[in-house]
Amino acid sequence: MLLQILRSRWLSFLIAFSLVVAGVAAYTFTAPKVYTATASLVIDPKVDPIAGTVLAGMASPSYLMTQVDIIQSSRVAARVVSSLRLTEIAELREQWMARTKGTGDFAAYLADMLRGSLEVRPSRGSNVINLFYSGSDPRFVETVANAFIKAYLDTTLELRTSPAKDYSRFFDTNAKALRDSLEAAQAKLSAYQQKTGLVVSDERLDVETQRLNELNAQLVLVQAAAADTKSRDAQAQTQGDRMLDVMANPMVAGLRAELARQEAQLEQMSSRLGENHPAVRELKLGIADNRTRFESEVRRAQSSVGISNQVNQSRVAQARTALEEQRARVLKLRAVRDEASVLVRDVENSQRAYDGVLARLNMTNLESQTNQVNVAALERATAPNQPSSPRNGLNLMLGGLVGGIFGLLVVGTREARDRRVRGESDFEALLNQPLIGVVPSYKKTFSLRLGRGRSKTPLLGHNNSGRKPATT
């Protein structure tokens with residue numbers, strides 16, 4: 001069916017196809033030539049030589065897209081305009097005046113114009129970023145592409161060093177304030193040490209504490225001795241002659257033995273001589289004298305026990321007084337040392353804070369002075385030898401394809417508006433009747449082909465179903 005339509009309307013198809021192909025060919029051969037310069041960058045995710053840390057996440061797609069956005073930013077384009085000194089070209093200024101009537105910034109206009117011809121694409125599965133710049137002049141696109149590479153590298157370095165410089169100034173100001181605070185804390189500690197005569201590192205507090213422990217032990221011993229002498233003194237008041245101390249006294253023991261001998265002798269002499277015998281009376285007088293001496297010695301022994309008790313009680317009072325004085329001295333030294341420890345901790349805290357800020361200050365100073373970045377130019381742009389567009393072969397091929405489609409549309413449109421009968425099936429479709437015969441062309445030998453019916457009539461007949469036959 002389609003071939004029959006094309007065979008009958010081949011002239012319309014040919015005209016439509018020719019018009020499209022001719023238009024595409026005319027545009028292809030008359031359009032201005034566009035050249036594209038290509039350059040590439042590589043990102044190196046390595047350890048930061050200053051901070052000593054791994055630059056994590058640099059190979060991620062988000063980081064690569066961030067770099068793409070930086071390359072396409074107005075900041076980089078403005079740097080390209082400045083480096084190429086495009087604002088000094090009179091033709092570009094006249095073009096800007098004609099289009100904008102002098103409104104806006106000329107450098108920003110040029111930057112936007114350069115960004116319109118720039119294309120940046122990251123490579124899949126790698127850390128390479130490709131940069132494409134298109135224009136009508138091969139040398140110009142080469143220069144601009146390389147200028148974008150250099151401007152991007154400079155901007156990347158600036159983006160790294162500029163915050164580091166700000167941080168460096170911030171840490172420098174804080175370092176000065178912390179140094180003043182440290183010096184003030186050290187001066188306060190020194191003044192306190194001179195005032196109290198205390199050296200924080202000396203061992204006087206430990207010596208005084210040891211002395212306090214010794215006095216406490218001595219007090220315990222003296223109290224035990226005083227308790228013993230007190231109990232002995234109480235016993236001496238009630239049973240003085242039976243005390244061990246009294247009985248162990250040599251004089252008392254001698255007098256006791258002498259009295260016992262004399263009393264035994266008196267008993268013998270009294271039984272033999274009588275009570276009134278002069279020898280008996282003399283012996284009684286000696287016994288009375290020895291008893292007096294014995295009682296005197298007993299009282300002296302008892303008094304020695306009482307004196308020992310008094311001495312021990314005095315020693316207890318003295319030890320307790322010394323212990324309280326030593327305790328007060330230790331508490332005072334401990335309070336002084338505690339206050340000094342607070343001052344020492346203030347100095348240590350100030351020192352740690354100052355050291356931390358000083359370390360960050362040194363690191364930010366190094367970062368602000370660095371001239372290295374983790375991005376490098378992999379390939380520089382060169383002047384292209386062949387234009388990137390228009391592409392003659394591809395355009396003609398696409399023109400032929402579009403021309404064929406357009407020709408088919410034209411033929412189909414004409415066929416829909418002007419329907420003709422071109423075959424046996426068209427009759428059956430139009431009349432909804434079976435075909436009974438076909439009249440051959442007069443240029444060929446006359447023949448008659450019978451259809452489905454059994455009638456021998458060439459033009460009219462009846463079918464088997466009884467319906468009225470169609471007329472051709």
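This is a predicted model: local features need pLDDT of at least 70, side-chain atom pairs count only at pLDDT 80 or more; totals for chains, interfaces and linings use all residues.
Strands of a sheet pair through backbone hydrogen bonds, either parallel or antiparallel.

E2 and E3 are joined by five bridges and run antiparallel. Within this pairing, Val120 has Leu131 of E3 as its bridge partner. E3 (residues 128–135) then pairs with E1 (residues 35–43) over eight bridges, again in the antiparallel sense. Leu41 has Ala377 of E4 as its bridge partner.

Helix H7 spans residues 138–196.

A helix pair was examined next. Two packed helices are described by the angle between their axes and the distance between the axes. For H5 (residues 90–100) and H6 (residues 106–116), the angle is about 95 degrees and the axes are 11 Å apart. This angle falls in the range of 65 to 115 degrees, so H5 and H6 are roughly perpendicular to each other. H5 contributes Leu92, Arg93, Gln95, Trp96, Arg99 and Thr100 to the contact. H6 contributes Phe106, Tyr109, Leu110 and Met113. By class, the residues of the contact divide into six nonpolar, two polar and two charged.

Charge pairing was examined over the whole structure. Side chains of opposite charge can pair when their charged atoms come close. The search finds eleven salt bridges. One of them joins Arg75 and Glu158, with the closest N and O atoms 2.8 Å apart. Arg75 lies in helix H4 (residues 74–84) and Glu158 in H7, so this pair ties together parts that are 83 residues apart in sequence. Arg75 is partly exposed, at a relative accessible area of 41%. Glu158 also counts as partly exposed, with 29% relative accessibility. The pair belongs to a network of salt bridges that links Arg75, Arg79 and Glu158.

Glu142 pairs with Arg139, and the closest N and O atoms are 3.1 Å apart. These two residues are three apart in H7, so about one helical turn separates them. Their accessibilities fall into separate classes. Glu142 is buried, with a relative accessible area of 14%, because the cut-off for buried is under 20%. Arg139 is exposed, with a relative accessible area of 55%.

Arg85 and Glu88 form another of the salt bridges, the closest N and O atoms being 3.2 Å apart. Both Arg85 and Glu88 are exposed.

Technical notes:
Residues are numbered from 1 along each chain as its sequence is written. Side-chain values use heavy atoms; hydrogens and water are left out. Two strands pair if DSSP finds at least two bridges between them. Helices (H or I, at least four residues) and strands (E, at least two) are DSSP runs, numbered from the N terminus. A salt bridge is a side-chain nitrogen of Lys or Arg within 4 Å of a carboxyl oxygen of Asp or Glu. Buried means under 20% relative accessible area, exposed over 50%, partly exposed in between (1.4 Å probe, protein chains only). Axes are lines fitted to C-alpha atoms, for helices over the stretch in contact, and angles run from 0 to 180 degrees between N-to-C directions. Angles under 35 degrees count as roughly parallel, over 145 as roughly antiparallel, 65 to 115 as roughly perpendicular and the rest as oblique. Contact means heavy atoms within 4.5 Å. Ala, Val, Leu, Ile, Met, Phe, Trp, Tyr, Cys and Pro count as nonpolar, Asp, Glu, Lys and Arg as charged, and the others, Gly among them, as polar.
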